[in-house]
Amino acid sequence: MGRNLITENDISADETILLFRDAKHFKKLRKKELAKFSHRLVGRRMLLLFYEPSTRTRISFELSARNLGIQTTIVESSYSSAMKGESLVDEAQTFDALGFDVVVMRHPEIGAVKNFSLYFTGSVINAGDGINAHPTQALVDAFTLWERGLLRSDVNIGIVGDILNSRVARSNARLLNKFGILPSFIAPPEFLPKILQGDNQLIEVPGELGYRVHVMYDLDEAIEKLDVIMMLRVQRERYESLPMSIPEFSRRYQLNSGRLSKLKPSAVIMHPGPVNRAVEISDDVFADSRCLINEQVANGVPLRMALLNFLLE
Ligand code: NCD
């Protein structure tokens, strides 16, 4: 069986740092210089299997693979036989038979990617399974912090907004915990799962997919102390009806000029994208020199190159 990345538990802290060193190396190269890697993994085949929409994740995996000479094929769910009722197990066997070495998969159900990996011989990378995990986004975010010397236990990281539906928040918490960091989840009770209810409390989610976080309900109370503020998208598509109106949410949790002025000058602003402008962030954020949102996107390519190289070499 190939080596998988289904959750952050599949990679150690030491391996993560090795990955970051490789990613840094790839990042420094100009486009022309990247050509010398274009034969590194030639003959390998990667399938991008997406049962949910994606822009950044899908495109950066595709660019990363091509930079390493990997042949890529994209399947979106509406074009696959899943629509004809083919099960994930049968799909896994089909993709094996077609000779794919790695499958990058996004699926709306928790555990679907893990399940698929049990029947697929090559490597499987989780590009998001429901609200559970999105390990490569967490790696991109941690890499962005590491490059700035901010992946340290004394750094105060606040993850803000729709925690309830955020696989990015969960993956970040697990990965940050590995580096001795206790992030804060900052959200109203309406946007927190049952297990994370409790203002100003340290909460430990038990189990294999567990993590430890500090929970805070009030962003205005927390913001001045933050070194890193990671905003999350309100995932409207995952709600039948929102637990709080958008104007109310924005009034209390939007990062805007008022709150930017309270944020430390040395702090950095992150968001995994896609952003809902005027919901969780205002236009002022992109104009702020502390904003790393576009850098996170750019880091997606060297980080995923390093990861493919690590899993397939
Ligand atoms: C995130 C996702 O799909 O989980 N996006 C991403 O991959 N960068 C976050 C989101 O959809 O809000």
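Trainee: By class, how many nonpolar, polar and charged residues does the lining of the largest cavity have?
Mentor: This is a predicted model, where local features need pLDDT of at least 70, side-chain atom pairs count only at pLDDT 80 or more, and totals for chains, interfaces and linings use all residues. Residues are numbered from 1 along each chain as its sequence is written, and side-chain values use heavy atoms, without hydrogens and water. Ala, Val, Leu, Ile, Met, Phe, Trp, Tyr, Cys and Pro count as nonpolar, Asp, Glu, Lys and Arg as charged, and the others, Gly among them, as polar. The lining of the largest cavity has 3 nonpolar, 6 polar and 2 charged residues.

Trainee: Which helix gives the largest share of that lining?
Mentor: Helices are DSSP runs (H or I, at least four residues), numbered from the N terminus. H2 (56–67), H5 (135–147) and H11 (293–312) each supply at least two lining residues. The largest share, 4 residues, comes from H11.

Trainee: Which residues have a polar side-chain atom 2.7 Å from an oxygen atom of the ligand?
Mentor: A polar contact is a pair of N or O atoms within 3.5 Å. For Thr57, the distance from a polar side-chain atom to a ligand oxygen is 3.0 Å. At 2.7 Å there are His134 and Arg233.

Trainee: How much of the ligand's exposed area does the protein bury?
Mentor: Accessible areas come from the Shrake-Rupley method with a 1.4 Å probe. Taken alone, the ligand exposes 310 Å². The protein buries 94% of that.

Terms used. Polar contact = N/O pair within 3.5 Å; in protein donor to acceptor, adjacent residues only side chain to side chain.
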